[in-house]
Each structure stands twice: as C-alpha cells, then as structure tokens.
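My notes follow, in the order I checked them.

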Amino acid sequence: MKFRFSIIAMGILAAACSQKEYPNETIGIIPQPQVVNYTGEGRFNVAEATVSYDAKFDDLSIGHVADFARMLSGALKKDVIAEEGLQKTGIRFILDRKYQPEQYTIDIKTDKLTVTAATASGVLYAINSISQLLPDAYFGVEQEAPDWTLREVFINDWPRFAYRGMHLDVARHFFGVDVVKKYLDVMAFHKINRFHWHLTDDQGWRIEIKKYPRLTEVGSMRDETVILKRFDPLVCDGTPYGGYYTQEQIREVVDYAEKLGITVVPEIDLPGHMIAALTAYPELGCTGGPYKVWPRWGVANEVLCPGKEKTFEFIEGVLDEVMQLFPSEYIHIGGDECPKVEWEKCPDCQKRIAELGLKTDDNHTAEQYLQNYVTARVQKYLNDHGRKIIGWDEILEGNLAEGATVMSWRGAKGGIEAAKNGFDAIMTPGGYLYFDYYQSEDEAKEPFAICCPCTIEKTYSFEAYDQIPEDAQKHILGVQANLWTEYVATEPHLFYMVLPRMDALSELQWCYPERKDYERFKADVGRMLRIYDALGYTYSRNIYGEPGLPGFDGPLGDAK
Ligand code: TNX
C-alpha cells in the first residue's frame, strides 16, 4: 500500500505548499479536482492558442491531444493543429514520468496553459477537465459570443480510488457495440476506469464461445419476454428476443475501452443465473432439463451441477476464451443468488458433498459449502493463469479462499465483513448505487423501475469507508454503480437511468470526503446536463424537481 500512501502524501504536500499562498477552492469540474488554486486574475485565451506536445509522449497520448485540437477546430471554425515539440506559449502538453499514472496538473497563466501527466489516462483526464471549463460551444452548441478565456489557476488532480467502476447488464436486454461505446465515452468523461460487463444470465448468453457454439446459437435467444410485471399469471409478449457479441466485436469493445483508459472486467455469472447456458447444454444441470431461456426475471432454481466433472470442463473451456479476449487481471465469476434446492436432491451433488466431507453446521448448509468448492476451484484455475476473481458478496458465505475480491451489493455489509477479514472489496451497495432504481421519489412519473427511489442526492451521500476500521480501509479498492436491465430495453432509457447519477458516482470514486459538497455538486451538474444535451444523451432532470422524461414512459410500459 506504499503506492496509495505516496499519492495521498504527494497530494497533501502539494495542497499544503500551495495553500500558503492560495486557498484550495472549488471549480466547475465533475468530479471535483483535489487541488484548485486560483493564482491570479489574468486570463488565457483558448481561441487564439496553439496546441503543442512533448515529442516523448506515446501514440495514445498524442491521439488524445489531436482529438482535443480537432474539437477546438470544429468549435472555433479554424484549423487548430496539435504540433509535435513543445512551444513556449499556448496550450502545451508535457510528459513527466514522476507523476502517478492517473494524475495530471493544469497550470493556466495568461500566455500559456500547461498540462503535465505521465500517461495517456492523465492526458485524457486533463483534457476532460479543461473541456468542462470551456464554453458550451466546445461541445458543438451554437453560442452567440462564447467566452473562450480561462482564469489563471493551478489544478493538481489524482483519484482517491484505483477501481472506479460502472456495470452494465446486457443479458436481460441486449445493447449493441455502438451503445456500449457511447456508454464507455460517458464513463471516461467521468474518469471511470473499469467497465463491469455482465455478459451472461438466465435471460440470455451474450458472448460467443467457439468451443461451445450452442451458447450463442441457442442460449442468446429467448422465445418471448414477460410483459412488465405480469408474473402471476405469467403474461409474455410472444416476441422472440436475442443478441450476442461475436469475439471480434468483444475485441473491438476491449480495444475501444483501453484507449479511454478503461479496463473491461467481464462477468460470467456462475453457478447460478445459468439457464441460458443450460438450455444450450442441458447435461450441465442437475436434472438434465429440458430447460428454456428464461422469459421472466427473478431467481431461478435451475443452476449448474457441481457434482459432474463436465461442468468444470465447461467452465474452464469458457474461461479459457474469456481470458484470451479480456486482458483484465480481474475476471468476475458472479456467485450471486444461487438457490440450492436442486443440489439437495441431486445424487451427483450429494456424492460430491460426501466425498469432500462437507457438513452442515450452525452457520451454513453442506450445499452452501459446495458453492465454496465451486468458487475455490474456479478461483484456482484463474489464479493458475495469472488472473484474480471478483465475486458478488454471497461468495463470503462459508470459507472464501485468500485472494478473492468481494463485490458488496446487498448493502455495504458484505464489503465491511470482507475488509475486516482481509479480503479486498468493491462497494456497490443496492440502496445507493443501483441505477436500475427510480431516479425520483415520484414513481408514477418515472418509467417503470425494479425498485424504490435512489435519488442522486442519496447516491451522493454514500461514503465507502463508513464502518470500515482504519486498518482495513486499504482493502476497499473502490466504488461501482450497477445498471441491471430487466426494465431497461432501449438506449434513451439506458442513459436516462445512469445520468446524471454517474456524476455523483464519479465523486464517490474520485474525491476525498472533504472535497464533497452536495450544493456545489448540484450546481455543477447543471453544466453537465447541457453537455449531455449537446452530445445526445438522455438524462433525468429530477435535480430540478422535474421527475420523469416528458413523453417517455419507458419502452416496456404497458400501464403503471
Ligand atoms: C439482484 S445484484 C441481482 C441481479 C438483478 C438485480 C436487480 C446481483 C448480484 N443480482 O440479478 O438484476 O438484483 O436490481
């Protein structure tokens, strides 16, 4: 943890040194930078500036600078060229390898705006911050007399957490590569650096696996989908639904994300949430089926059978290809909501339980320990291939093997327990960070959602270290929000659910609690909403007391 300490020490030092002369202030940037010192009253004119960069930068960094120059060209209606070789004035990008990987500084004086960073992420984050200081015209909005001048200021910025995640469920509803890229764009704009891609579930298998072609041939399609909340009796729409990513498309997304400084963390949810796979390969279940890709939501009793060796052969075969496609150190193996009713009756599972000597005790059933066995075996397989596992907090039930990372979703308690017991944890508690919940308290005005209100203010109030003892805080790797898509089927609906709550998320991930202030944040969100308008993203205006989206009832709405 030397690394994290040094970042904090460096920040405090920077703040302390400069605070003597200039107080730390706020600035209209989300997430709020760590150190903002207004150094004078003079102004720098972006409209007249050249753009130049250190020749030592890598291609990716240079690409970001070139994109920035292109945006300026479009907005200023003149050629702005990113020139190699640092100039003395104008907008200048300097490489300094002593900076931390995601850190950057912006130093604005009357004749120059100097960005310094060590990596492409640092360069990109600096540009994102600068863009929020520029007039709306930068984002393509027609403005009569945009003010392109910026006040003299020194900004020093770095993230609080290394893992800053955003999740997307593409199993319940499928979203194509273009939508995923647009999602990644808005994540990068918020300096979010992990994309948790929920690729498999009961309602559809969305990733091509060459060794098991039926996963997508059969498992990516469902015959129909439940109509809104008509479960009892089940009423479905009678319309086949499906979709999946080819391996080529997966590579395209991983590559696109990498250029934005985002690591894609794939999730293969096991041993529960597996009906789509069982439909394709019924021999992997306890009863042998037949199974049917689920048309409805909820927790299914049919799960993978850990009593059979071929189940593990299957898991390993799938993970071999997943590892080829995703360079991420972490692979998410799910582990949530796995009912044990079938394992209790299954002779193969009971045989396995007997062989392993698993026994029900005061805390857990033998079947719960059997899930531990699955987790540990898959963990070992991935560890042997140089990877680490993340699992939903259910993996804590029983004996979790060292080195696993726990994703806390049933509140913060899983994360607290994990950290206290020496496991790394990522905080994504339901009440605060489930973006499939209502945007406002006025549910009748909102598109139908899976659960209760989770307003942006509520999201903003979350603090990752709450109830974590000081010596265990190092185990909190970061914070993530999740978008489950049972009731989210279209692109406008998808962005409506995540924006602007993603702004609040970014401050939970990036800012130390001292830099958080809801009133300041709320004022800054106003600017972000104008940017979303300009870039074609839908969003909630509940921050202004305007719930819902006029004329938009949610694509699945058949009556509220
Ligand atoms: C619980 S969060 C689930 C998902 C649902 C979600 C709906 C988690 C690990 N499992 O399967 O989509 O609730 O909010």
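**Notebook: loops, ligand, sheet**

I started with K191, which I found in the loop between α4 (177–189) and β9 (194–198); helices here are DSSP runs of H or I with at least four residues, strands are E runs of at least two, and both are numbered from the N terminus. K191 has a phi near 60°, a positive value in a residue other than glycine.

Before going on, I noted that this is a predicted model, where local features need pLDDT of at least 70, side-chain atom pairs count only at pLDDT 80 or more, and totals for chains, interfaces and linings use all residues. Residues are numbered from 1 along each chain as its sequence is written, and side-chain values use heavy atoms, with hydrogens and water left out.

**Cis peptides**

I looked up the peptide bonds next. D232 and P233 are joined by a cis bond with omega about 0°, and P233 sits in the loop between β13 (226–231) and β14 (234–236). The bond from L499 to P500 is cis too, omega near 0°; P500 is in the loop between α15 (491–498) and α16 (501–510). For reference, most residues other than glycine have a negative phi, and most peptide bonds are trans.

**Ligand**

Which residues are around the ligand? I got R172, H273, D336, E337, W392, W409, Y434, D436, I450, W484 and E486, counting a residue if one of its heavy atoms lies within 4 Å. I then checked polar contacts (pairs of N or O atoms within 3.5 Å). R172 puts a polar side-chain atom 2.8 Å from a ligand oxygen, and D436 has one 2.7 Å from a ligand oxygen. On its own the ligand has 360 Å² of accessible area, and the protein covers 92% of that (Shrake-Rupley method, 1.4 Å probe).

**Sheet**

I traced an open, mixed sheet of seven strands in the order β1-β7-β5-β6-β4-β2-β3; strands pair if DSSP finds at least two bridges between them. β1 (35–45) and β3 (82–84) are at the edges with a single partner strand each, so one side of each has no neighbour in the sheet. Neighbouring strands are turned by 20° against each other on average, direction ignored (axes are lines fitted to C-alpha atoms, for helices over the stretch in contact, and angles run from 0 to 180 degrees between N-to-C directions).

I also followed β1 to β7 (residues 149–157): the two run antiparallel, joined by seven bridges. N45 has T149 of β7 as its bridge partner.

Notes
Polar contact = N/O pair within 3.5 Å; in protein donor to acceptor, adjacent residues only side chain to side chain.
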